[in-house]
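User: Could you walk me through this model, please?

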Amino acid sequence: MPPEILDLAEKYPLLFKTVNYLKTTSSIFKNTIGKQMKHNFNFELSERICENGLKMSNNNWDTYCSNLNNLVDMSIEFLKLQKNLEKTGRYLHSTFEEVEKNEYNTNNKDLDGPDYLWGLYFSEIFWKIHHNFSNFSLNDFMSNVPPTGKVLEVPCGTGFFLCEFLRKNSNWLGIGVDLADSAIKFSQILFHTNNIPKNSYKIMKMNFHQLESNEKYDRILCGEFLEHLEDPFSALKKLKSLLTNGGKLFITVAVWAAHIDHIFLYESSDQVREHIRKAGFKIEKELVQAVFEKDETDPEKEKIPVSYAAILS
Ligand SMILES: C[S@@+](CC[C@H](N)C(=O)[O-])C[C@H]1O[C@@H](n2cnc3c(N)ncnc32)[C@H](O)[C@@H]1O
């Protein structure tokens, strides 16, 4: 190992142990991690995500690795589903009813909801696009906010973004909303592990459509949601109505990128922008990333997998 890498490995031991495990387990990560860690990589955040992941795995390395394997499974599944999308021109499901029946409702009551949350959690480090979104959100959305306020994360999924917001802004009140038991449970454990005081947040099992527009928020985090809906344009209008005057929304959207519970198929970033503007938002800052390296030169092209993120007001 070159000396600068040895230094980093000493400073961030769990991250490097995790990287080694992933490299030996999965050919996908073996070929990509080293390269990813050379550019704009947030070592501190990544070590912390690993440390908390280990705590949430009862400090048991085998349990931790089996949770980490969820990321490998999710990545392989993405590649398979993406192939299917290229072939058929459609996502696996086109209604929420189909997703609920086929993906969210298993016989095991505890798994009522998506079962990919551990994959999503570790993707904040090891999927380049998610890692860059985390940094974008931490630097441009969660910094320099007023000293107090109310922040909503919908859907909260793992709760990762809301938890980071409250770590940075401890006088804010945080509300996390998701319809899935698995997401509520994961978020609660993550908040507890991060020592977020109980009186500074509320995690609620609720459908987004049930949120009341008379309750307003100064900041809203909305990661990877629009593509999970049948009518994302109406959802954007509702998000706008949930913001206070001067409030801001952080949004990420999967474009032409398959997942078991994706419903609305955006074909380009421009199609997302059109919905955003028509819903009354102004785009303050964007980060548009092609999922595959071969598409990086032109992420605006139609029908290529892209992750779109923006800060809106
Ligand atoms: C891909 S996750 C995104 C989680 C998180 N925002 C992030 O960016 O990591 C999608 C989440 O949407 C939730 N979900 C889907 N439809 C919903 C709805 N109508 N209301 C609330 N949550 C919903 C699912 O349960 C799942 O946790």
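Analyst: Happy to; a few questions and answers follow. This is a predicted model, in which local features need pLDDT of at least 70, side-chain atom pairs count only at pLDDT 80 or more, and totals for chains, interfaces and linings use all residues. Residues are numbered from 1 along each chain as its sequence is written.

User: Is strand β2 (residues 173-178) largely enclosed or open, and why?

Analyst: Strands (E, at least two residues) and helices (H or I, at least four) are DSSP runs, numbered from the N terminus. A residue is buried if 20 or more other C-beta atoms lie within 10 Å of its own, exposed if 12 or fewer, and partly exposed in between, with C-beta atoms placed from the backbone. Five of the six residues of β2 are buried, so the rest of the structure leaves β2 largely enclosed.

User: Which residue of β3 is the bridge partner of Asp 178?

Analyst: β2 and strand β3 (residues 201-205) run parallel, joined by five bridges; two strands pair if DSSP finds at least two bridges between them. In β3, the partner of Asp 178 is Lys 205.

User: Which residues of helix α2 (residues 13-25) are exposed on the side away from its buried ones?

Analyst: The buried residues of α2 are Leu 15, Phe 16, Thr 18, Val 19 and Leu 22. They cover an arc of only 160° around the axis (taken from the directions from the helix axis to the C-beta atoms), which puts them on the same side of α2. Exposed on the other side are Asn 20 and Thr 24.
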